[in-house]
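Hi,

Here is the structure I promised to pass on.

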Amino acid sequence: MDFNYSDLQRMLLDSAERFITEHFTLEHRRSLRDSANGLDEVAWATFAELGWLALAIPEDLGGLGGTQADIAVLAAATGGKCVSQPVISTAVLGTHILSGATAPRTELLEQIVGGAARIALVHGEPGERYAGAAPRAVTLTADGDGFAISGQKLLALDAPSATHLIVSAMLEGEGFALVLVEADSAGMSVENYPLLDGSRAADIRFETLRVHGDAVLATGKKAEALLMEALDRATLARLAQSVGSMEEILRICSAYLKERQQFGQPIGKFQALQHIMADMFVVTHQARSALYQALAHAELSAAERSRALSLAAITIGEAGQLVSRQGIQLHGGYGVTDEYEISHHYRYLLTLEKISGDLDYHMSRVGQA
Amino acid sequence: MDFQFDDNLVEFRQMVREAVKQDLPADIREGQRRFGGNQSDPHDSLTWTKILAKRGWSVPHWPVEYGGQNWSPMQLFVFQDELTRAFAPDTCWGGTHMCGPVIYTFGSEAQKERFLPAIINGDFYWAQGFSEPGNGSDLANLRTSATRKGDVYVVNGQKIWTSCAWMAEWGFFLVRTDPTVKPQRGISFLLINMKSPGITVRRIPQINGEAELCEVFLDNVEVPVENMVGEEGAGWTYAKFLLDHERTTSSFIYFNKRDLRIAQDIAANQMLDGVPLSKHPRFQGRLAQLEAEVTALEWSVLRVLANEQFQYNETAAASVLKVAGSRLQQTISELHLDLLGAQSIRQFPFEVHDRPNSPLWPDVTENANQRALIQRASTIYGGTMQVQKNIIAKLAFDL
């Protein structure tokens, strides 16, 4: 075992931290709220230049063939500055499905690598709480030489800035199907909205949207397995983002305890606060360990992979709650303002936890596995 | 010992419930239920105060001679419980529960005449000027100064965490009138017109997207000496009186009860595997646990209201309510988020008229989401969790 970064990971981390620290200042992130779809075009072009959008794509499909550990290193760096750009939707989840499709979508993958295309998964449906298992309400039905999609989807993360949507639907006789749809297609009604971390999502109603037969990326067991794999990869990357955020909170809070004075001394001199800080340190350390445990199982069978991932999600989810809540507590009133970093980390960690399946979901997944 | 409520309380509760049903405008109730946030929308709050005043109910806890009702502490408890339960907004607490009692207890006749009727009728909002940027937990070290010059005090300094200061017409401020004596003795209680030259208000954007809290800057603000309440240098005593006067408020028992009910409603309506969350053991357990905690808190409040002779220091007992109540506010909110799952992370727009109405989203989602965020402050304001625990250790156990 070797838990130190490889040379390649060290390079990736250095360039990521340099760019992210310089570019994603608090003021800049707050200003992105005013943009139409939350996308930071300048940053996105830089992601492409730095090769981040190619990292998860296999080399034979024109990518860099990075491991999930490489992705985690990068994701943790983005988490440190609460980056809520659609990187994981596109460069982890999207690229995995497009690479693993029955016929890999090399052309679209190229556009992703170049920064011209962005992918959003349109999967969740009302009333299912992360389960996402068949049978479900959104259907794909044969329609002439193609298919028609109809039904209601909920909370499609990053859909507002996506150029292409990957839609999950039930195909008669096949079960699950994954379909590629251009984001500006006719036949859908879309309600876009922001999430607490500044990212965007959409509720999408398909009113008999027609697609060609070749829009189907995969069907049946293959589609289901591909989707679950892609979702687990995305969750793993988001857990890494959470760890990055927590580690930054430790830095922010310990600095604040030394700086803020009350009763004639830095508040860090009070044992009550020292113990809070120590608790935060303990669970953050455990969170990174949990992440490594999940990475160690990331390429094993679906059952082993998912169970390990859910164990990590429980540890990291609970750690994130404690660290972000106490992070605010240590800041006093300033902690609940939008003008201090800590409230942004709070919202970021909450969003990551709830997007990736909450603690209840992961606990039942472990309990049943 | 007698653990029964007085007989008349059942009838009293019914009477209040009927009255609120009749009086509370539907739009105000729906605004509170769906978009409540952490603080009553201040305009609704004043409107509701005027409506209550018609029945003589806007300050029932005051002495009768100043416009109160001769209700027992238990009746006042039931009254507030019913109002909150019905999603009525609060009155402007700064007026009705904070500076009002200070004015009728320590104020001059002129101050009583001028300000009490306005508080009773909800004529305007009151700002509370206590905390300062450098002195939150350490309030006695506040630095905003008031220097006597002829008929006026000239006030300079900065206050923070003042709710709704942008729309307040008057404020009650703690200021330092004497920098040479022990910190607590140099503080005075001053009423300041918020429209005075030299006052600047900045709204602070909050974690929940609202901007209800403010910074107030005072730059050579001239305040007539007749706006000093009581004696110069006695401000700290009055502030303590004001906080002791509200020994049970910090339990937030009414809100805790209401928020628990909201959690139970969400659990009954959100489905998992075709079954409501309220039937899933994990959520059942959490709901039961919170119900137990809310129930215990309510009885802790009743013990204070019924004037139990405590074995321990009374202020320590009040800190029990604050510690348990503030933490409970957070745990119930955390359950709201968990019950809503991924639907708990939507950011809703600040302006009410921009707010969407999608049947895909439970209609209390926004209230639950925004409230959960600002609830992080409940273990901070009014004395942080850590300060409360220090108080308990010192006053209950002399540690």
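In chain B, the crossing of α8(B) and α10(B) is left-handed (the near helix is turned anticlockwise from the far one by less than a right angle; clockwise would be right-handed). Bear in mind that this is a predicted model, where local features need pLDDT of at least 70, side-chain atom pairs count only at pLDDT 80 or more, and totals for chains, interfaces and linings use all residues. Residues are numbered from 1 along each chain as its sequence is written, while chains are lettered from A and ligands numbered from 1 in the order in which they are written.

Back to that helix pair: α8 covers residues 253-269 of chain B and α10 covers residues 314-340, and they pack at an angle of about 15° with their axes 10 Å apart. (Helices are DSSP runs of H or I with at least four residues, strands are E runs of at least two, and both are numbered from the N terminus. Axes are lines fitted to C-alpha atoms, for helices over the stretch in contact, and angles run from 0 to 180 degrees between N-to-C directions.) So α8(B) is roughly parallel to α10(B), a label for angles under 35 degrees.

Which residues meet there? From α8(B) they include B:Ile253, B:Phe255 and B:Leu260, and from α10(B) they include B:Leu328, B:Ile332 and B:Leu339. Contact here puts C-beta atoms, placed from the backbone, within 7 Å. By class, this helix contact has 12 nonpolar, five polar and one charged residues (Ala, Val, Leu, Ile, Met, Phe, Trp, Tyr, Cys and Pro are nonpolar; Asp, Glu, Lys and Arg are charged; the others, Gly among them, are polar).

Now for where the two chains touch. Chain A brings 36 residues to the contact and chain B brings 30. On the chain A side, α10(A) has the largest share, with seven residues. That side splits into 16 nonpolar, 10 polar and 10 charged residues.

Chain A itself is assigned domain 1 (7-117), domain 2 (120-218) and domain 3 (223-368), with bounds from an automatic or database domain assignment. The centres of domains 1 and 2 of chain A, taken over C-alpha atoms, are 23 Å apart. In their contact, 17 residues of domain 1 meet 17 residues of domain 2. Helix α5 (residues 87-100) of chain A gives the most to the domain 1 side, with four residues.

Cheers

Technical notes:
Contact = placed C-beta atoms within 7 Å. Parallel < 35°, antiparallel > 145°, perpendicular 65-115°, else oblique.
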